[in-house]
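Q: I'd like a close look at a single part of this protein and how it packs against its surroundings. Could you walk me through it, residue by residue where that helps?

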Amino acid sequence: MGRHMWGKTAGALVLAVTVAAASGCSGSSDEATTKPAAKANTISVEGASATFQDAVTKQDMEDGCQSKEPGSCWEQMLALMEPARALRKAMNAEKSVGPEFWTEAYALIDTMEEGIAVGDDKGVPVADEVMAKALSNRDEVFGSAHDLVDWLDEHPIK
């Protein structure tokens with residue numbers, strides 16, 4: 001009896017899905033051609049560059065992440081990644097120059113992504129600056145962000 005009931009239930013579900021699919025597809029092809037395609041919201045490279053540079057400046061003005069404690073600068077790191085990712089999208093959409101133009105900028109954003117991929121702020125665990133850079137992911141994010149600001153200043157797109 002249980003198998004018989006399950007078969008009826010499955011059959012009813014298949015019927016319901018079929019009816020729903022058929023009713024959803026019953027519109028005329030004219031309706032599909034009259035609707036405009038959704039246009040992606042893209043920001044210009046100039047706008048994305050300004051937003052990114054403003055984020056780096058803001059981070060520097062607030063405190064520049066002076067704390068050496070692990071986890072104390074994670075929010076600031078993430079705050080720089082969002083505009084960096086938007087900048088990469090804008091660079092990808094820019095057609096006035098080819099991808100080879102952006103090679104160094106892409107590399108800097110990729111380095112920032114590597115620092116973020118660690119998943120948290122490793123802090124600055126030792127007093128030795130050389131060793132601290134090797135053990136911390138801050139330089140990958142903050143250092144590369146500052147290098148990218150410099151690169152953008154040297155390679156303006158308008």
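A: Happy to. A helix here is a DSSP run of H or I with at least four residues, and the numbering starts from the N terminus. On that basis, the chain in this predicted model has seven helices and zero strands, so its elements read α-α-α-α-α-α-α from the N terminus on. Of the 158 residues, 29% are buried. The accessible surface comes to about 10,600 Å², with 58% of it belonging to carbon and sulfur atoms. Among contacts with a separation of 6 or more, 77% join residues 24 or more positions apart.

The part I'd zoom in on is helix 4, residues 74–93.

Let's begin with helix 3, residues 45–62. Its axis comes within 8 Å of that of helix 4, and the two cross at roughly 165 degrees. That makes the pair roughly antiparallel, and the crossing is left-handed. On the helix 3 side, the contact is made by Val-45, Ala-48, Ser-49, Thr-51, Phe-52, Ala-55, Val-56 and Gln-59. Helix 4 answers with Gln-76, Ala-79, Leu-80, Pro-83, Ala-84, Ala-86, Leu-87, Ala-90 and Met-91. Sorted by class, this contact has 13 nonpolar, four polar and no charged residues.

Next comes helix 7, residues 138–154. The axes of helix 4 and helix 7 come within 10 Å and cross at roughly 40 degrees, which makes the two helices oblique to each other. This crossing, too, is left-handed. Gln-76, Met-77, Leu-80 and Leu-87 of helix 4 touch Arg-138, Val-141, Phe-142, Ala-145, Leu-148 and Leu-152 of helix 7. Eight of these residues are nonpolar, one is polar and one is charged.

Helix 5, residues 103–117, is another partner, with axes within 10 Å of each other and a crossing of roughly 145 degrees. Helix 4 passes helix 5 in a left-handed crossing as well. From helix 4, the residues involved are Trp-74, Met-77, Leu-78, Leu-80, Met-81, Ala-84, Arg-85, Leu-87, Arg-88, Met-91 and Asn-92. They meet Ala-105, Tyr-106, Ile-109, Asp-110, Met-112, Glu-113 and Ile-116 of helix 5. Here the tally is 13 nonpolar, one polar and four charged residues.

Leu-80 and Leu-87 take part in the contact with helix 3, in the one with helix 7 and in the one with helix 5. Gln-76 is listed for helix 3 and for helix 7, while Met-77 is listed for helix 7 and for helix 5.

Finally, have a look at the loop between helix 3 and helix 4, where you'll find Cys-65 and Gly-64. Cys-65 has a relative accessible area of 9% and so is buried. Beyond its neighbours within four places in sequence, Cys-65 is in contact with Gln-59, Cys-73, Arg-138 and Phe-142. Gln-59 also belongs to the helix 3 side of the contact with helix 4, and Arg-138 and Phe-142 belong to the helix 7 side of its contact with helix 4. The C-alpha atoms of Cys-65 and Phe-142 are separated by 9.1 Å, although these residues lie 77 apart along the chain. Gly-64, in turn, is partly exposed, at 26% relative accessible area. Its C-alpha atom is 8.8 Å from that of Gln-76, twelve residues along the chain.

Notes. Residues are numbered from 1 along each chain as its sequence is written. This is a predicted model: local features need pLDDT of at least 70, side-chain atom pairs count only at pLDDT 80 or more; totals for chains, interfaces and linings use all residues. Side-chain values use heavy atoms; hydrogens and water are left out. Axes are lines fitted to C-alpha atoms, for helices over the stretch in contact, and angles run from 0 to 180 degrees between N-to-C directions. Angles under 35 degrees count as roughly parallel, over 145 as roughly antiparallel, 65 to 115 as roughly perpendicular and the rest as oblique. A crossing is left-handed if the near helix is turned anticlockwise from the far one by less than a right angle, and right-handed if clockwise. Contact means heavy atoms within 4.5 Å. Ala, Val, Leu, Ile, Met, Phe, Trp, Tyr, Cys and Pro count as nonpolar, Asp, Glu, Lys and Arg as charged, and the others, Gly among them, as polar. Buried means under 20% relative accessible area, exposed over 50%, partly exposed in between (1.4 Å probe, protein chains only). Accessible areas come from the Shrake-Rupley method with a 1.4 Å probe; for residues, only the protein chains shown count as cover.
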